[in-house]
Amino acid sequence: EVHLVESGGGLVKPGGSLRLSCVFSSSAYEFMNYDMSWHRQAPGRERDLVARIYSNSLTDYAGSVRGRFTASRDNAKNTVYLQMNNLEYDDTDLYFCAARPKWSSIDNWWGQGTQVTVSS
(Lines give C-alpha, C1' and ligand atoms only; values in the text may rest on other atoms or scores of the structure.)
Protein backbone atom coordinates (compact mmCIF):
# COMPACT_ATOMS: atom_id res chain seq x y z
CA GLU A 1 0.00 0.00 0.00
CA VAL A 2 1.12 3.53 -0.87
CA HIS A 3 -0.42 6.56 0.82
CA LEU A 4 -0.08 10.05 -0.69
CA VAL A 5 -1.05 13.31 1.02
CA GLU A 6 -1.05 16.63 -0.83
CA SER A 7 -0.90 20.04 0.82
CA GLY A 8 -0.17 23.67 -0.03
CA GLY A 9 -3.22 24.64 -2.04
CA GLY A 10 -5.17 27.79 -1.40
CA LEU A 11 -6.48 31.06 -2.79
CA VAL A 12 -4.04 33.22 -4.72
CA LYS A 13 -4.25 36.27 -6.98
CA PRO A 14 -3.29 36.10 -10.66
CA GLY A 15 0.47 36.37 -11.01
CA GLY A 16 1.01 34.93 -7.55
CA SER A 17 2.78 31.75 -6.46
CA LEU A 18 2.09 28.59 -4.49
CA ARG A 19 4.13 25.52 -3.64
CA LEU A 20 2.36 22.18 -3.40
CA SER A 21 3.79 19.25 -1.46
CA CYS A 22 3.04 15.54 -1.62
CA VAL A 23 4.29 13.13 1.02
CA PHE A 24 4.75 9.46 0.07
CA SER A 25 4.26 6.82 2.78
CA SER A 26 4.64 3.06 2.46
CA SER A 27 5.94 0.23 4.61
CA ALA A 28 6.63 -1.98 1.59
CA TYR A 29 7.86 0.32 -1.19
CA GLU A 30 10.69 2.82 -1.54
CA PHE A 31 10.00 6.36 -2.72
CA MET A 32 13.27 6.46 -4.68
CA ASN A 33 11.95 3.72 -7.00
CA TYR A 34 8.83 5.68 -7.96
CA ASP A 35 8.11 8.12 -10.73
CA MET A 36 5.94 10.89 -9.32
CA SER A 37 3.53 13.22 -11.07
CA TRP A 38 1.13 16.11 -10.63
CA HIS A 39 -2.29 16.22 -12.28
CA ARG A 40 -5.21 18.63 -12.16
CA GLN A 41 -8.94 18.41 -12.71
CA ALA A 42 -11.81 20.89 -12.88
CA PRO A 43 -15.42 19.82 -12.23
CA GLY A 44 -16.85 17.96 -15.21
CA ARG A 45 -13.51 17.83 -17.02
CA GLU A 46 -10.84 15.23 -17.66
CA ARG A 47 -7.90 14.86 -15.31
CA ASP A 48 -4.80 16.22 -17.04
CA LEU A 49 -1.11 15.63 -16.47
CA VAL A 50 0.69 18.77 -15.30
CA ALA A 51 4.21 17.54 -14.56
CA ARG A 52 6.10 14.32 -14.05
CA ILE A 53 9.33 13.88 -12.14
CA TYR A 54 10.99 10.53 -12.63
CA SER A 55 12.89 8.49 -10.08
CA ASN A 56 16.13 9.90 -11.55
CA SER A 57 14.75 13.47 -11.11
CA LEU A 58 14.29 14.18 -14.82
CA THR A 59 11.09 16.11 -15.54
CA ASP A 60 8.36 16.55 -18.14
CA TYR A 61 5.81 19.37 -18.23
CA ALA A 62 2.55 20.11 -19.96
CA GLY A 63 2.94 22.91 -22.48
CA SER A 64 0.46 25.09 -20.59
CA VAL A 65 2.70 25.21 -17.50
CA ARG A 66 6.20 24.90 -18.95
CA GLY A 67 8.32 27.82 -17.79
CA ARG A 68 5.95 28.63 -14.92
CA PHE A 69 5.82 25.41 -12.86
CA THR A 70 8.74 23.41 -11.51
CA ALA A 71 8.58 19.88 -10.09
CA SER A 72 11.22 18.64 -7.68
CA ARG A 73 11.71 15.84 -5.18
CA ASP A 74 13.50 15.27 -1.91
CA ASN A 75 14.12 11.55 -1.48
CA ALA A 76 15.31 12.00 2.11
CA LYS A 77 11.86 13.40 2.99
CA ASN A 78 9.82 11.15 0.68
CA THR A 79 8.30 14.32 -0.74
CA VAL A 80 7.61 15.73 -4.19
CA TYR A 81 6.94 19.44 -4.77
CA LEU A 82 5.30 21.59 -7.40
CA GLN A 83 6.39 25.21 -7.40
CA MET A 84 3.78 27.26 -9.27
CA ASN A 85 4.66 30.78 -10.38
CA ASN A 86 2.80 33.36 -12.47
CA LEU A 87 -0.51 31.67 -11.74
CA GLU A 88 -3.41 32.27 -14.11
CA TYR A 89 -7.19 31.93 -13.83
CA ASP A 90 -7.04 28.71 -15.87
CA ASP A 91 -4.76 27.16 -13.25
CA THR A 92 -7.76 26.93 -10.90
CA ASP A 93 -8.22 23.20 -10.35
CA LEU A 94 -8.04 20.36 -7.87
CA TYR A 95 -4.42 19.17 -7.95
CA PHE A 96 -3.52 15.53 -7.40
CA CYS A 97 -0.28 13.75 -6.71
CA ALA A 98 0.29 10.30 -8.24
CA ALA A 99 2.92 7.58 -7.98
CA ARG A 100 4.00 4.68 -10.20
CA PRO A 101 6.88 2.21 -10.00
CA LYS A 102 9.63 3.25 -12.39
CA TRP A 103 9.10 0.07 -14.43
CA SER A 104 5.37 0.77 -14.85
CA SER A 105 3.39 2.92 -17.29
CA ILE A 106 0.39 3.22 -14.93
CA ASP A 107 -0.10 5.80 -12.18
CA ASN A 108 -1.18 3.26 -9.58
CA TRP A 109 -1.55 5.45 -6.51
CA TRP A 110 -3.31 8.77 -6.00
CA GLY A 111 -3.74 11.33 -3.26
CA GLN A 112 -7.04 13.00 -2.39
CA GLY A 113 -6.13 16.34 -3.93
CA THR A 114 -5.54 19.92 -2.85
CA GLN A 115 -7.55 22.85 -4.20
CA VAL A 116 -5.86 25.74 -5.99
CA THR A 117 -8.04 28.77 -6.72
CA VAL A 118 -6.75 31.76 -8.68
CA SER A 119 -9.00 34.77 -8.24
CA SER A 120 -8.73 38.54 -8.16
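Does Y81 count as buried or exposed, and at what relative accessibility? Y81 counts as buried, because its relative accessibility is 13%, under the 20% cut-off for buried residues. The legends below belong to a predicted model.

**Figure 1. The whole protein chain, built of 11 strands and zero helices.** From the N terminus on, the elements run β-β-β-β-β-β-β-β-β-β-β. Along the principal axes, the C-alpha atoms fill a box of roughly 45 × 25 × 25 Å. The radius of gyration of the protein chain is 14 Å, which agrees with the value near 14 Å for a compact globule with 120 residues. Of the 120 residues, 42% are buried. The accessible surface of the protein chain is about 6,400 Å², and carbon and sulfur atoms hold 47% of that surface. Among the contacts with a separation of 6 or more, 54% are between residues 24 or more positions apart.

**Figure 2. The disulfide between C22 and C97.** The structure holds one disulfide. A disulfide is a covalent bond between the sulfur atoms of two cysteines. In this model the sulfur atoms of C22 and C97 are 2.1 Å apart. The pair links distant parts of the chain, with C22 in strand 3 (residues 18–25) and C97 in strand 9 (residues 93–101), 75 residues apart. The torsion about the S-S bond is about -80 degrees, so the disulfide is left-handed. C22 counts as buried because its relative accessibility is 0%. C97 is also buried, at 0% relative accessibility.

Figure 3. In sequence, Y81 and S21 are 60 residues apart, while their C-alpha atoms are 4.6 Å apart in space. At 13% relative accessibility, Y81 is buried.

**Figure 4. T79, a buried residue of strand 8.** T79 has a relative accessibility of 6% and therefore counts as buried. The side chain of T79 reaches the backbone oxygen of K77 at a distance of 2.8 Å. Leaving aside neighbours within four places in sequence, the contacts of T79 include S21, C22 and V23. F31, S72, R73 and D74 are also in contact with T79. C22, one of these contacts, is the cysteine that forms the disulfide with C97.

Figure 5. Not counting residues up to four places away in sequence, R52 touches M36, S37, L58, T59, D60, R100 and D107. R100, one of the residues touched by R52, lies within the residue range of strand 9, which is 93–101. R52 counts as buried because its relative accessibility is 9%.

Conventions:
Residues are numbered from 1 along each chain as its sequence is written. This is a predicted model: local features need pLDDT of at least 70, side-chain atom pairs count only at pLDDT 80 or more; totals for chains, interfaces and linings use all residues. Side-chain values use heavy atoms; hydrogens and water are left out. Buried means under 20% relative accessible area, exposed over 50%, partly exposed in between (1.4 Å probe, protein chains only). Contact means heavy atoms within 4.5 Å. A disulfide is a pair of cysteine sulfur atoms within 2.5 Å. Helices (H or I, at least four residues) and strands (E, at least two) are DSSP runs, numbered from the N terminus. The radius of gyration is taken over C-alpha atoms; the globule rule is 2.2 Å times the number of residues to the power 0.38. Accessible areas come from the Shrake-Rupley method with a 1.4 Å probe; for residues, only the protein chains shown count as cover. A polar contact is a pair of N or O atoms within 3.5 Å; within protein, one must be able to donate a hydrogen and the other to accept it, and residues adjacent in sequence count only if both atoms are side-chain atoms.
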